[in-house]
Amino acid sequence: TDLTHLLRNSNSLHIRSSPNMETPSAAVTSAGGVHRNKPHFVLLSSPGTGHLIPILELGKRLVTHHDAAVTIFVVSSHSSQAETELTTDAAGPGGGELFNVVKIPPPDDLSAAIDPAATMVTRLFLVMREVRPTIRSGLLSLPVRPAGLIVDLFGTESFEIAAELGMAKYLLSTSNAWFTALAIHSPVLDGEVEGEYVDQKEPLEIPGCRSIRPDEVVDPMLDRKNRQYLEYIRTGLEFRKADGILINTWEDLEPTTLSALRNDEFFGRRVIEGDVLGIGPLVRPVEPNHSTQTINEPLFSWLDKQPNASVVYVCFGSGGTLSIEQQTELAWGLELSKQRFIWVVRQPTAESRYSAFFTSGNSGTDDGGATAELGLGSITGHSYGLPDGFLERTRHVGFVVPDWAPQAEILGHVAVGGFLCHGGWNSALESVRSGVPMMVWPLYAEQRLNATLLAEELRLAARTETAPWRGVVGREEVEGMVREVMTGEKGEGIRERVKVAQRSGEMAVERGSGSSYTALDMVVSKFRRGTA
């Protein structure tokens with residue numbers, strides 16, 4: 001597929017500055033919005049909001065803070081409502097054009113190349129592999145050859161294209177530094193560890209970093225015979241070859257791990273070719289959005305009536321799903337806690353913990369159960385695995401939303417005082433940005449690792465005694481955790497630490513002085529000086 005027409009026709013999205021962004025200085029431009037007299041970067045996002053959000057925010061930061069030119073290639077999923085919202089609503093009112101977003105459709109048919117039972121990780125790697133000819137064509141179609149290509153972890157095979165075209169190649173690690181260190185060290189563990197990682201008796205050591213318990217490794221390390229494991233090890237080797245590794249974290253949040261990644265005794269130049277830079281938090285700002293407020297008016301009207309910090313927001317990311325039994329126990333736990341809540345609920349499934357990732361939302365069916373009309377859609381209690389009468393009994397304290405909700409805006413509302421989430425890194429940073437304490441409930445990907453980092457090291461979250469991947473978390477445990485965070489002494493301590501992290505993240509990205517600002521400016525300055 002040739003991308004020339006996508007770059008030049010009206011379907012390309014022009015991202016505009018939001019009201020509090022600086023519009024870049026005037027520059028000579030050519031077709032496609034490319035600035036000829038500025039360092040030009042192409043950012044490549046794989047499917048999924050956890051990848052797309054930091055890519056979009058990095059693009060905005062490069063343009064508004066560092067006077068670079070940016071084009072973003074987004075490999076879209078077929079049906080993600082969240083991705084659609086992000087790409088179509090990214091244009092803010094007023095201001096000048098920032099960059100183009102070019103949506104690359106996913107391959108039409110991967111059935112010949114992929115097992116129907118393949119994991120999410122395997123599918124994403126295959127999608128990104130199949131669209132490489134399209135990416136190459138798109139890069140060649142740009143009127144000005146980019147200085148650098150920045151990819152997320154699923155796009156590292158496109159490093160070969162960057163090398164072929166004489167472009168610098170950068171990795172954007174959309175997760176934390178601890179995850180990045182594990183990924184880079186995994187090829188070493190592959191040669192050292194015998195048998196399955198989850199069967200090891202001792203923690204897995206990462207040089208200079210916190211060790212990791214065997215059953216809290218990332219999903220691809222759970223089964224060494226699975227294809228996703230081979231893809232993961234390959235990616236860990238490709239991380240090392242990047243001209244720079246940009247991590248969605250900041251110096252004050254993970255100082256020890258970032259130091260280890262730069263230390264020759266542990267990683268450093270003997271393992272990693274490029275600089276390791278914390279450039280986060282890359283997270284969407286909460287800004288007035290008339291469209292979002294109008295579409296979701298019943299939800300925000302309800303929130304406006306609740307006391308400050310009184311509502312628990314419950315959401316398991318754009319793809320997370322629970323079993324029927326677990327969904328029922330969670331519902332009972334929320335009801336028994338007697339706390340106000342917003343719950344983004346999806347139909348339960350026995351297939352996987354991320355089945356919504358590749359399916360469309362708003363798929364509730366009417367099987368004769370009670371139905372709640374909520375303005376954002378209708379939900380049938382039985383089809384969503386909710387207890388009989390749950391919707392009626394909680395109508396005055398809860399707001400149940402089918403499939404999707406505007407998370408950043410909800411977390412930014414003064415009524416929200418807790419976030420029960422899957423521990424995805426993007427969600428965690430959005431919670432920190434809004435000063436909201438977390439309850440982490442990991443489901444897939446690197447979320448078990450994230451949960452340990454957030455709950456045990458950073459102490460910004462609570463977690464259940466029962467690990468969700470080991471068994472069903474009972475209603476009493478859900479009730480106790482929610483009560484403790486919302487009204488207990490432990491929750492107050494978490495809230496105080498989250499506020500400190502919130503301010504730390506704000507300082508990191510401050511223009512001219514923040515550690516993350518300085519790190520990213522160093523990257524752009526290399527190309528501006530011609531020393532990259």
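Guide: The largest cavity is lined by F316, G320, T321, L322, Q327, W343, V344, V345 and R346. The model is predicted, and local features need pLDDT of at least 70, side-chain atom pairs count only at pLDDT 80 or more, and totals for chains, interfaces and linings use all residues. Residues are numbered from 1 along each chain as its sequence is written, and side-chain values use heavy atoms, with hydrogens and water left out.

A cavity here is a set of points on a 1 Å grid over the protein atoms alone where a 1.4 Å probe fits but cannot get out, and lining residues have an atom within 4 Å of a point. The structure has 3 cavities of 30 Å³ or more. The largest cavity holds about 60 Å³ of space (volume being the space filled by probe spheres set on grid points, which are joined across faces, edges and corners). Strand β10 (residues 340-345) contributes the most to this lining, 3 residues; strands (E, at least two residues) and helices (H or I, at least four) are DSSP runs numbered from the N terminus. By class, the lining has 5 nonpolar, 3 polar and 1 charged residues (Ala, Val, Leu, Ile, Met, Phe, Trp, Tyr, Cys and Pro are nonpolar, Asp, Glu, Lys and Arg charged, the others, including Gly, polar).

The second largest cavity, of about 50 Å³, is lined by W250, L253, W425, A428, L429, V432, L454, L458, L460 and A501. That lining has 10 nonpolar residues, no polar and no charged. Helix α16 (residues 425-433) supplies the largest share, 4 residues.

Turning to helix packing, α7 (residues 177-192) and α17 (residues 447-457) have axes that come within 10 Å and cross at roughly 135 degrees (axes are lines fitted to C-alpha atoms over the stretch in contact, with angles from 0 to 180 degrees between N-to-C directions). W178, F179 and L182 of α7 meet L449, T452 and L453 of α17, contact meaning heavy atoms within 4.5 Å. This contact of α7 with α17 has 5 nonpolar residues, 1 polar and no charged.

Helix α7 also packs with α9 (residues 255-262), at about 30 degrees and with axes 9 Å apart. This contact is made by A177, W178, A181 and I184 of α7 and T257, L258 and L261 of α9. Its classes are 6 nonpolar, 1 polar and no charged.

Note on methods. 1 Å grid on protein atoms, 1.4 Å probe; cavity = no way out; pocket = protein on both sides within 12 Å on 5 of 7 lines; lining within 4 Å.
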